[in-house]
Amino acid sequence: MAQHFSLAACDVVGFDLDHTLCRYNLPESARLIYNSFAQFLVQEKGYGKELLTLTPEDWDFCCKGLALDLEDGTFIKLAADGTVLRASHGTRMLTPEALAETYGKKDWRHCVTDKHCASSVDIPCCSGKCYFYDNYFDLPGALLCARVVDSLTKQNRGQKTFDFWKDVVAGIQHNFKMSAFKENCGFFFPEIKRNLGKYVYRCPESVRRWLRQLKDAGKITMLITSSHSDYCKLLGTYILGKDFADLFDIVITNALKPGFFSHFPSQRPFHTLALNLIISCHLILLENDEEQEELPSLDKPGWYSQGNAAHLYELLKKMTGKPEPKVVYFGDSMHSDIFPAHHYSNWDTVLILEELRGQDVEKAEEAEPLEKRGKYEAPKVKPLNSLSNKWGSYFIDSVSRRGNAEDAMVYTWSSRRISTYSTIAIPSIETIAELPLDYKFTRFSTNSSKTAGYYPSVHYTLGSQDTDSKILTEK
């Protein structure tokens, strides 16, 4: 494999929407998502009203890369080898002694690593017994579920097993079902419509220029999102302008990732939309977003719903005139974007990883003069991409050794997956928008440092202690 990656060498450049092209104001969006689910559980399912009250300190529980054991209400942070680094029951962290007694050096029971799985699918088991939190839409739900476990444990005097997950799923369906935006139901979309600027950042002009530069350079550009077409239009218009669809040759909404990459064409066909009219190669956006005709194949660029990567790739062959067009896909979710695009479609992948900018954001806020913050300003919610005091770094952690030996620093499960399935990882698209298209990024590779693919830098963001920097810069 080549040591470097360059956009100039790609024929097709694809993007996810939420938390990739569209950056959210994480403290505000996290509060909204949490409240959307908490209100549902309290009002519709009879859970305690204490779930509706949060303190700024409560948000420290949130850390991407946690897994929830749905049977016993335990949250787990895994090492790269599948052993348990830290754990909590609800929000109550297990002591080192309890951790050693419960898990020892064994792989977590729901962990399926490539050494145990012939298909090398390096993910926690998806048997319905655990849930892996890997994106910012999910993360507020981790805090809510942990507080549900706390509440049920207190009410039922040491309850050992739990059955609340079905209610959480019902809350997801209530707030994010396909018709929720159009019907203005649930708690999430009505508030987003009222105050979009509170929750979403507009793309800087540099990103718009960069997207046009890609098209001017002859690249086919794609937007592939699991968001429905109506929400996609709202976000796209706000962050990129009314002509946002002109920036993409192909737009696919309701893609239902990761199934978009893993399913056979017969399982997940493309559908036309009532808005899919092409005039002078521009997409005309109509009000009727309902799915229409099911397509046996994909014959031309345009705006579609659902679909599969296999039929899309056949269209890309036709559009480029190449038997194996080179595709790169930008996304923020390892589960929905990066792993399936790499594993099933053999695409290059660029992981959007806001944790790479987390400490920079914190330091900038700390540096702001007190008089500029406002005398009566309420305490800010800790950004979800910042370091968690409960869980430590998203990338590394320490393992206790016997005797007087110093603790060993090890990579986390999440860190391993990043270096295995991502071509490169960046904090945002804005970070690279002003670089030339032929800029050569260093790839993640088994033959190089596990941190080689992070751009622009890694050691400062991954840890402030000398031990953190040492492990993350060694070859």
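**Rings and burial in a predicted model**

Student: What makes Phe15 count as buried?

Tutor: Its relative accessible area is 0%. Buried means under 20%, exposed over 50%, and partly exposed in between (1.4 Å probe, protein chains only), so Phe15 is buried. Keep in mind that this is a predicted model, where local features need pLDDT of at least 70, side-chain atom pairs count only at pLDDT 80 or more, and totals for chains, interfaces and linings use all residues. Residues are numbered from 1 along each chain as its sequence is written, and side-chain values use heavy atoms, with hydrogens and water left out.

Student: And is Phe248 buried or exposed?

Tutor: Buried, because its relative accessibility is 4%.

Student: How many aromatic pairs turn up in the whole structure?

Tutor: The search finds 38. One of them joins Phe15 and Phe248, 6.4 Å centre to centre with 70 degrees between the planes.

Student: Why is that pair called edge-to-face?

Tutor: Rings of Phe, Tyr and Trp (its six-membered ring) pair if their centres lie within 6.5 Å; planes under 30 degrees apart count as stacked, over 60 as edge-to-face and the rest as tilted. With 6.4 Å and 70 degrees, Phe15 and Phe248 are therefore an edge-to-face pair.

Student: What makes Lys64 a charge over the ring of Tyr136?

Tutor: The rule asks for NZ of Lys or CZ of Arg within 6 Å of the ring centre and within 35 degrees of the ring normal. The charged end of Lys64 sits over the Tyr136 ring, 4.6 Å from its centre. Lys64 also sits over the ring of Tyr394, at 5.7 Å from the centre.
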